[in-house]
Amino acid sequence: MSGDAKTFVVTGATSGIGLALARALAPVAERVVIVGRNEARLHAGTEATRHEAVNLEIVPILADLGTLEGARSLAEQLDQLPRIDALIHNAGIMPAQRRCTPEGFEESFVTNHLAPFVLNHRLRARLIASAPSRVVQLSSGLALTVRVDLEGDPGGAGFEPVSTYARTKLWNLLATHDFAGELERSGVTVNAVHPGIVRTRLGEGAPGVPSAEARRGWLPPEVGARGPLHLATAPELARTTGRFFDQTREVAIHLEDDQAKAVVQRTFEALGQPHNAG
Ligand SMILES: NC(=O)c1ccc[n+]([C@@H]2O[C@H](COP(=O)([O-])OP(=O)(O)OC[C@H]3O[C@@H](n4cnc5c(N)ncnc54)[C@H](OP(=O)(O)O)[C@@H]3O)[C@@H](O)[C@H]2O)c1
């Protein structure tokens with residue numbers, strides 16, 4: 001494994017926006033790390049990405065980001081990479097029903113918030129050592145339509161597919177905002193992006209989510225991948241950090257620093273770890 005190969009990591013690169021993104025990164029990357037939870041889809045995603053470029057190293061990693069153990073094990077594996085130029089948190093879910101992990105966390109709270117949180121904090125040193133490097137978080141405009149419930153959200157209190165998803169995305173967005181502040185002037189940029197309303201498998205079958213038929217007019221995944229691709233690669237964004245983008249356009253949003261700190265504190269407590277232990 002060559003030490004200075006330009007390396008992009010994409011979680012959830014086996015379908016939808018993540019797969020389109022891995023394929024779009026292939027021509028500009030030297031190494032793409034494709035993370036997926038299903039072996040057959042991981043293999044298919046690897047092959048599809050391989051077809052986009054010659055001389056590209058592809059590193060497929062099987063990891064279930066719906067468990068803390070899966071997130072921690074992935075962090076350990078990614079920490080072995082010689083460098084990480086961009087860590088792109090794309091994996092996300094909108095479950096139809098409330099399901100909890102053995103630790104009592106609602107499944108989408110783990111996948112959408114705890115997993116990227118654990119990865120960011122465990123890979124902090126690797127990202128700084130790789131600077132200039134970038135963290136790109138797939139977010140959602142829905143995050144801006146809800147409020148956090150510090151006690152209820154981790155266990156999915158009052159579960160409803162769309163609003164629960166939105167709250168997990170708000171926890172994630174607030175923690176991303178805090179992480180950007182923490183890494184200011186480190187050479188690591190941290191930005192979030194709403195990819196548009198994209199025709200993928202997200203929320204399939206969940207009550208309140210439009211049917212496949214109704215989604216026909218939504219953006220194709222290749223268009224949804226443009227925003228995260230822009231954040232991960234655009235030279236003009238080399239120093240841009242702590243911002244929110246709607247596809248490729250930066251938009252001003254207001255996030256309370258105090259609320260972000262409260263979310264981070266509550267997340268470390270939920271993980272049973274002292275602040276900054278990841
Ligand atoms: N689609 C939209 O309109 C929209 C709008 C705003 C934000 N987003 C965000 O965009 C991101 C990508 O979503 P998408 O629309 O492309 O949905 P998708 O087609 O369902 O893709 C989600 C990806 O995440 C992976 N994933 C889910 N749970 C995982 C787990 N436990 N461990 C590892 N990987 C896991 C999936 O793997 P499998 O292939 O195994 O299922 C898949 O590769 C998400 O963060 C979503 O919140 C999407």
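**Figure 1. The right-handed β-α-β unit formed by β2, helix α2 and β3.** In this predicted model, local features need pLDDT of at least 70 and side-chain atom pairs count only at pLDDT 80 or more, while totals for chains, interfaces and linings use all residues. Residues are numbered from 1 along each chain as its sequence is written. Strand β2 covers residues 31-36 and strand β3 residues 57-62; the two run parallel and are joined by 6 bridges. Helix α2 spans residues 39-50. Helices (H or I, at least four residues) and strands (E, at least two) are DSSP runs, numbered from the N terminus, and two strands pair if DSSP finds at least two bridges between them. A crossover is right-handed if, with the strands pointing away from the viewer, the path from the first strand over the helix to the second runs clockwise.

**Figure 2. The shell of residues around the ligand.** The shell holds 27 residues, and the closest to the ligand are G12, G16, G66, G92 and T200. A residue is near a molecule if its C-beta atom, placed from the backbone, lies within 6 Å of it. Helix α1 (residues 16-25) gives the most to the shell, with 3 residues. By class, the shell has 14 polar, 9 nonpolar and 4 charged residues. Here Ala, Val, Leu, Ile, Met, Phe, Trp, Tyr, Cys and Pro count as nonpolar, Asp, Glu, Lys and Arg as charged, and the others, Gly among them, as polar.

Figure 3. Leaving aside residues up to four places away in sequence, F8 touches L25, A29, V32, D85, A86, I88 and A232. Two residues are in contact if their C-beta atoms, placed from the backbone, lie within 7 Å.

**Figure 4. A192 in strand β6.** A192 is buried because 27 other C-beta atoms lie within 10 Å. The cut-offs are 20 or more other C-beta atoms within 10 Å for buried and 12 or fewer for exposed, with partly exposed in between; C-beta atoms are placed from the backbone. Not counting residues up to four places away in sequence, A192 touches Q137, S139, L173, T176 and F244. T176 is 16 residues from A192 in sequence, with a C-alpha to C-alpha distance of 7.5 Å.

**Figure 5. Backbone geometry at P132, N55 and R185.** Most residues other than glycine have a negative phi, and most peptide bonds are trans. A131 and P132 are joined by a cis peptide bond, with omega about 5 degrees. P132 sits in the loop between α5 (124-129) and β5 (133-138). N55 is not a glycine, yet has a positive phi of about 60 degrees; its place is the loop between α2 and β3. N55 counts as exposed because it has 5 C-beta neighbours inside 10 Å. R185, also not a glycine, has a positive phi of about 65 degrees and lies in the loop between α6 and β6 (188-194). With 7 C-beta neighbours inside 10 Å, R185 counts as exposed.
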